[in-house]
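Colleague: I am new to this structure. Please pick one part of it and take me through that part closely.

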Amino acid sequence: MPSRKSQGILRLLRNHKKFVSAVSRDVLMRINPPAGLVARLRICHTVGHPLEGLDEAAIWVKPIKDGSMKGVILHLHGGAYVSGGLMQCRQFISPLCSAANLPALTFAYRLAPEHSYPAQLEDAIRAYRYLLEAGYRPEEIVLAGESAGGNLAIALTMHLINRGDKPPAALALFSPWVDLAQAGESYVSLREKDATLDPEELMQCAVAFAGSAHRLTDPEISPVYGKFSGFPPVQIHCGDQEILLSDSVKLEEAMARDGVQVQLIRWAGMCHVFQMFGFDESRASYQAMSSFIKRILTPDA
């Protein structure tokens, strides 16, 4: 049962969706503080420091309390591939770092429309290789991504498998945006209930990322149309009041079809990437995902 606080806030957002969407988009796209400033923030019992060695702005985020578990999270941020920066990265991944007691590498990949596919995948590949060169093994790396970042986490894993490389240990996906063609029924049935997303605006972002509307069902653009054999364990969290609900449902079905160990958790009454709102449900989601990550990285514990 969703909390009264979360439902009150979501009702307010739903009633002013267009205005909130415009303000949020402008804030995400225009406010981009330097990596050093973002790194110095203390969020959810984590600290950070800027990372040198990548072409993109990046930071390490670490829990204040050192953990004994060997592993790292590679975070891929959301923003429909057209917005998002280190501040958003830090705000989203810090609670998961704290809950899982793991460090994370998070970075600001290139954005559409200036940079369409495959720029974002190329940036993610470089970040993943950085972790390998830093001494982490694939079985110690967890990919975590929200919305478009979930898409990118899957695309990166597909790329590694297609190359014959060992995939990461697990994927932690939050409201993944994986059907950019909007073929799912929730794009229609939940349009009025969704508190934050608009299908038309999302389609504009999809075309900007893909470079052409004709590519929206290509597996490189919309991973739900791809093959998932060889994928590591995956956990998916989504709200049952978001238009991307069908994306998560179809993704779970496709992964299960291909033999992937996958679990979809639907959060009652929740919107897209509700983890960012600081609800009780947000904290519960981070805790549940951290438990999944710990099970994967310490199977014998």
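Modeller: One cut-off comes first: a residue is called buried when its relative accessible area is under 20%, and exposed when that area is over 50%. Trp267 has a relative accessible area of 15%, so it counts as buried. Trp267 belongs to strand 8. Keep in mind that this is a predicted model.

Now the part I have picked: strand 5 and the sheet around it. Strand 5 covers residues 141-146. Is it buried or exposed? Six of its six residues are buried, so the rest of the structure largely encloses it. In a regular strand, side chains alternate between the two faces of the sheet. Here both faces are covered. Ile141, Leu143 and Gly145 lie on one side, and they are buried. Val142, Ala144 and Glu146 lie on the other, and they are buried too.

Next, the neighbours. Strands in a sheet pair through backbone hydrogen bonds, and the pairing is either parallel or antiparallel. Strand 5 pairs with strand 3, residues 72-76, in the parallel sense, over five bridges. Glu146 has Phe174 as its bridge partner in strand 6.

How does the chain get from strand 5 to strand 6? Helix 6, residues 148-162, belongs to the unit that the two strands form. Strand 5, helix 6 and strand 6 make a β-α-β unit, and it is right-handed.

Ala170, Ala172 and Phe174 point one way. Leu171 and Leu173 point the other way. Every one of these is buried. Strand 6 also pairs with strand 7 in the parallel sense, over four bridges. There Phe174 stands opposite His237 of strand 7.

Strand 7 covers residues 234-239, and it pairs with strand 8 in the parallel sense over six bridges. Val234 stands opposite Val262 of strand 8. Trp267 and Thr157 are 110 residues apart along the chain, and their C-alpha atoms are separated by 26 Å.

For contrast, look at a loop. Ile31 is in the loop between helix 2 and helix 3 (35-40). Its relative accessibility is 52%, so it counts as exposed. Ile31 and Ala210 are 179 residues apart in sequence, and 25 Å apart in space from C-alpha to C-alpha.

The largest cavity has a volume of about 30 Å³. Its lining consists of Lys17, Lys18, Ser21, Thr196, Asp198 and Glu201. Helix 2, residues 17-30, gives the largest share of that lining, three residues. By class, the lining of this cavity has four charged residues, two polar and no nonpolar.

The second largest pocket holds about 230 Å³ of space. It is lined by 13 residues, and the closest to its centre are Cys44, Pro95, Ser282, Arg283 and Tyr286. Two elements give two or more residues to this lining: helix 4 (86-100) and helix 10 (280-297). The lining of this pocket divides into six nonpolar, six polar and one charged.

Notes
Residues numbered from 1 in each chain as written. Predicted model: local features only at pLDDT ≥ 70, side-chain atom pairs only at ≥ 80, totals over all residues. Heavy atoms only, no water. Buried < 20%, exposed > 50% of the residue type's maximum accessible area, 1.4 Å probe, protein only. Pairing = 2+ DSSP bridges. Right-handed = clockwise from strand over helix to strand, strands pointing away. 1 Å grid on protein atoms, 1.4 Å probe; cavity = no way out; pocket = protein on both sides within 12 Å on 5 of 7 lines; lining within 4 Å. Points joined across faces, edges and corners; volume = space filled by probe spheres on them. Nonpolar A, V, L, I, M, F, W, Y, C, P; charged D, E, K, R; others polar.
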